[in-house]
Amino acid sequence: MDTLSAHKTRESGAAWTVQAILELYQLPFMDLLFRAQQVHREHHEPNAVQLSSLLSIKTGGCPEDCSYCPQSSRYDTAVEREKLMPLDQVIKAAQQAKAAGAQRFCMGAAWRNPKPHQVDAVADMIRAVKGLGLETCVTLGMLRDGQAAQLKQAGLDYYNHNLDTSPEFYGQIITTRTYQDRLDTLARVRDAGIHVCCGGIVGLGESRRERAGLIAQLANLNPYPESVPINNLVKVQGTPLADNEEIDPFEFVRTIAVARITMPGTFVRLSAGREAMPDSLQALCFMAGANSMFYGEKLLTTGNPQLQADQALFQRLDLKPIGQCDTDGPVTPAADTAAQPCACASSALAAS
């Protein structure tokens with residue numbers, strides 16, 4: 001089966017196989033980008049990017065052993081353990097993010113799974129941020145029964161819970177929770193009516209087949225995530241992956257393109273690792289179908305490009321943020337129609 005036939009078959013309801021995704025990866029680079037850009041334009045405004053800001057509301061001290069994470073209590077890194085951030089500080093950070101042009105405000109807490117009183121506190125944060133007119137997203141670890149419903153009642157729009165890598169490679173990166181644990185949390189989020197933000201990390205030492213396995217897992221979720229962050233490993237001293245070999249930057253772009261083709265209606269987000277990417281590489285990622293990015297000076301505990309640099313990049317590429325008046329949200333995975341351009345797109349990324 002050729003890749004175009006595979007694309008049409010998936011749209012008709014058949015699952016993406018790892019082999020079909022590998023065939024996409026193996027296309028000539030320019031052909032792959034052309035295919036991805038075609039799919040992107042069928043489903044999204046071509047020169048608009050969704051902007052999200054991410055705040056660590058509880059940093060460090062996580063009991064998990066994720067090999068890439070400087071917030072794990074098992075590794076000796078420069079990240080200090082902190083308590084949950086007070087509500088007024090969260091509101092201030094959200095106000096600053098909105099003023100800078102962010103459309104979604106994401107809050108991350110380094111927990112294995114939140115306790116009931118912690119969910120209560122985060123629910124207050126969600127209500128406050130929602131009251132500012134921002135979309136809300138949180139990542140709190142694994143959720144127990146009833147917790148997703150509580151977050152939904154508070155007004156949560158998105159829950160982030162990444163699969164990280166393929167099932168086959170997963171055990172080499174994390175041993176303290178299973179792949180099924182992650183899938184169970186995603187199911188609870190879906191059952192509560194919350195949009196799913198779920199992606200992974202490349203550069204962990206995985207093979208191309210294992211990267212294809214991650215994309216297959218994401219694309220075959222029913223429905224696939226509305227938001228798919230693609231992270232490039234940020235190597236942090238003290239973590240087991242600190243000395244990992246760098247992934248070929250064109251392989252990263254291929255991963256963006258394959259995610260776009262296999263999940264046409266999702267927002268593919270440039271996430272961790274963007275600070276180290278030259279403008280030319282980021283431009284290729286947007287060409288490959290990325291249409292969302294984290295916007296701000298810090299991404300949890302690691303750096304992110306300065307606002308001024310992003311503003312300059314958007315000007316050079318003639319990109320604009322997706323307008324805050326676009327209340328219809330993303331094109332749903334089942335939709336056949338393309339996203340409609342927003343006539344009053346924000347000018348937050350205009351010259352500073």
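Here are some questions and answers about this predicted model.

Residues are numbered from 1 along each chain as its sequence is written, and side-chain values use heavy atoms, with hydrogens and water left out. As this is a predicted model, local features need pLDDT of at least 70 and side-chain atom pairs count only at pLDDT 80 or more, while totals for chains, interfaces and linings use all residues.

Q: How many helices and strands does the protein have?
A: Helices here are DSSP runs of H or I with at least four residues, strands are runs of E with at least two, and both are numbered from the N terminus. On that count, the protein has twelve helices and twelve strands.

Q: What percentage of the residues count as buried?
A: Buried means under 20% relative accessible area, exposed means over 50%, and partly exposed is in between (1.4 Å probe, protein chains only). The protein has 352 residues, and the buried part of them is 57%.

Q: Among contacts between residues at least 6 apart in sequence, what percentage join residues at least 24 apart?
A: A contact means heavy atoms within 4.5 Å. With that cut-off, the part joining residues at least 24 apart comes to 75%.

Q: Why does the span of helix α5 agree with what it should be?
A: The expected span is 1.5 Å times one less than the number of residues. Helix α5 (residues 116-131) has 16 residues, so it should span 22 Å. That agrees with its end C-alpha atoms, which are 23 Å apart.

Q: What arc do the buried residues of α5 cover around the axis?
A: The buried set is Gln118, Val119, Val122, Ala123, Met125, Ile126 and Val129. Taking the arc as that of the directions from the helix axis to the C-beta atoms, they sit on the same side of α5, because they cover only 165°.

Q: Which exposed residues are on the face of α5 turned away from its buried side?
A: The buried residues pack against β1 (48-58), α4 (87-100), β2 (104-109), β3 (135-139) and α6 (147-153). The face turned away from them carries Pro116, His117 and Gly131.

Q: Which residues of helix α11 are buried?
A: Helix α11 covers residues 279-287. Its buried residues fall within an arc of 145° seen down the axis, so they line one face of the helix. They pack against elements including α3 (29-43), β8 (267-270) and α12 (307-317). Their names are Leu281, Gln282, Cys285 and Phe286.

Q: Which side chains make a polar contact with the side chain of Arg211?
A: Arg211 is found in helix α9 (residues 208-219), and its relative accessible area of 10% makes it buried. A polar contact is a pair of N or O atoms within 3.5 Å; within protein, one must be able to donate a hydrogen and the other to accept it, and residues adjacent in sequence count only if both atoms are side-chain atoms. The two distances are 2.9 Å for Glu206 and 3.1 Å for Glu251.

Q: Is Asp164 buried or exposed?
A: Asp164 is found in the loop between β4 (158-160) and α7 (167-170). It has a positive phi of about 75° although it is not a glycine. With a relative accessible area of 2%, Asp164 is buried.

Q: How far apart in space are Asp318 and Asn47?
A: Asp318 is found in the loop between α12 and β12 (320-321), and at 62% relative accessibility it counts as exposed. Asp318 and Asn47 are 271 residues apart in sequence. C-alpha to C-alpha, the distance in space is 7.1 Å.

Q: Which peptide bond is cis?
A: Pro223 lies in the loop between α9 and β7 (227-232). Omega is near 0° for the bond from Asn222 to Pro223.
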